[in-house]
Amino acid sequence: METLRLAEAFRIFNQASEELSTAYTRLQAQVAELTSELAAANGALRQQYQEKAALTERLSLLLSALPAGVVVLDAQGRIEQANPAAVGMLAAAGAESMSVSVPAPTSLLGLAWSAVERAQLTASETPGEYLTAPGGNGRRLAVAVTVTALDSAGGRIVLLHDITEAQRLKTQAERNQRLAAMGEMAAQLAHQLRTPLAAALLYTGNLEVPEIAAEPRIRIAGKAVSRLKHLERLIQDMLLFARGEVLGREAIDVAELLRELRHTIEPLARTRAVAFQVHAAESLPPLQGNRKAIVGALVNLLENALHAAAATDHGEVRLTAGIEAELLVLRVRDNGAGMAADVVARLFEPFFTTRAEGTGLGLAIARGVMRAHNGNIEVDSTPGMGSEFIVTLPLQAGQDAYRDAQGHTGKA
């Protein structure tokens, strides 16, 4: 009996040993498999790390080679990274231009962007464009600045584009274009001056006849003065066009500007039996520019619209103002006869006019005024459907948008 129990115990022991041996073999196989998988995963991770390291190196080299300045800000508005181009623009002036010392590019890191921006950038008259602080040679750079959200954590990226040379070339091209236009104008001006001058000389010559009675003499003198005033207006328009710039800048309340235009044009519209309407969006931001020049250009457009509308039954002129794509858009619409495409193509040429009493410089001056304010005038006209002059001007608020955005990130 004891022998049987002992034999059964050995059998159970042998069976357990076999099961343990089998389990150990399976465990070894699993360990080998896991080791192989871990090695493969480590290899993949190593490859990904190498690829990311190579990508990081390429991006770093690319960032360093970019001609544009790149400044990376953290959520508190402090500089985390700045490429050499940005350092060259922002630290060129040296420590004397900043409240903080900038002896080396790395010294920009950790500084509050708002402090650097206030010390190094001065807003120009063009929205989004700034002048850097003068460097050791006294030279200032013109830079275009844009700010973009970098990630959900509140970081931002500031892009600085050096537009100094582009501005110089633009100014030179505008000057050359103006000189070329003045060359063409000189020949046309001689003809324009000769006609009223000949008429004035003819009228004043008649005044030398002693037999002319007082009443005809006064009438002839009035005609001579009228021709001389026409000459004066022509010369003034020519000077405005030749100057091609707007002197003086001020903040212009758009609502007040529209009220002034209404008070100026309404009496003229009534005398010509033309309905004049003004429609404007509420709370329009201010303009930055020369009020007198802008008013003069818009009055010229409105007077042309009144002239076109007066030639039709139930003439109407409408002036509307609103905001489109961060621009102030003024539309002068009339229900006159409209213009053919060939007339529209020449509409802004100096001395081109479809009116006998016109000088042909009014629209050229108006477009020059708007372009001097970084705006423009476009025309949409169809024969029989009337005309619409579309004036676009940048708003003063656009000039400060960049600085306003820094209020959320520039806290030191």
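How many helices and strands are there in the chain? There are 10 helices and 13 strands, where helices (H or I, at least four residues) and strands (E, at least two) are DSSP runs numbered from the N terminus.

This is a predicted model, in which local features need pLDDT of at least 70 and side-chain atom pairs count only at pLDDT 80 or more, while totals for chains, interfaces and linings use all residues. Residues are numbered from 1 along each chain as its sequence is written, and side-chain values use heavy atoms, with hydrogens and water left out.

## The chain as a whole

Of the 412 residues of the chain, 32% are buried. Buried means under 20% relative accessible area, exposed means over 50%, and partly exposed lies in between (1.4 Å probe, protein chains only). The accessible surface of the chain is about 24,100 Å², and carbon and sulfur atoms hold 57% of that surface. These areas come from the Shrake-Rupley method with a 1.4 Å probe; for residues, only the protein chains shown count as cover.

A contact means heavy atoms within 4.5 Å. Among contacts between residues at least 6 apart in sequence, 63% join residues at least 24 apart.

Strands of a sheet pair through backbone hydrogen bonds, either parallel or antiparallel. Here two strands are said to pair if DSSP finds at least two bridges between them. Angles run from 0 to 180 degrees between N-to-C directions, and axes are lines fitted to C-alpha atoms, for helices over the stretch in contact.

## The five-stranded sheet

A second open sheet has five strands in the order β8-β10-β11-β13-β12, and its pairing is mixed. The edge strands are β8 and β12, each of which pairs on one side only. In this sheet the twist averages 15 degrees from one strand to the next.

Which strand has eight of its nine residues buried? That is β13 (residues 386-394), which is mostly covered. Eight bridges join β13 to β11 (residues 327-334), and these two strands run antiparallel. Seven bridges join β13 to β12 (residues 376-382), again with the two strands antiparallel. The table gives residues that stand opposite each other in these pairs.

| Residue | Opposite residue in β13 |
|---|---|
| Leu-330 | Val-391 |
| Asp-380 | Glu-388 |
| Ser-381 | Ser-387 |

The hairpin of β12 and β13 has three residues between the strands, and Gly-384 there takes a positive phi near 85 degrees.

Two helices are placed against this sheet. Helix α7 (residues 291-310) lies across β8, β10, β11, β12 and β13, running at about 25 degrees to β11. Helix α9 packs on the sheet and touches β12 and β13; its direction makes about 135 degrees with that of β12. The buried residues of α9 (residues 362-372) are Gly-362, Leu-363, Ala-364, Ile-365, Ala-366, Val-369 and Met-370.

## Positive phi values

Most residues other than glycine have a negative phi, and most peptide bonds are trans. Ser-283 has a positive phi near 55 degrees and is found in the loop between β8 (275-280) and β9 (287-289). Is Ser-283 buried or exposed? Ser-283 is exposed, with a relative accessible area of 75%.

Glu-326 has a positive phi near 65 degrees and lies in the loop between β10 (316-324) and β11. Glu-326 also counts as exposed, at 67% relative accessibility. Just after α9, Asn-374 takes a positive phi of about 65 degrees.

## Rings and charges

A charge sits over a ring if NZ of Lys or CZ of Arg is within 6 Å of the ring centre and within 35 degrees of the ring normal. The charged end of Arg-367 sits over the ring of Phe-348, 3.8 Å from its centre.
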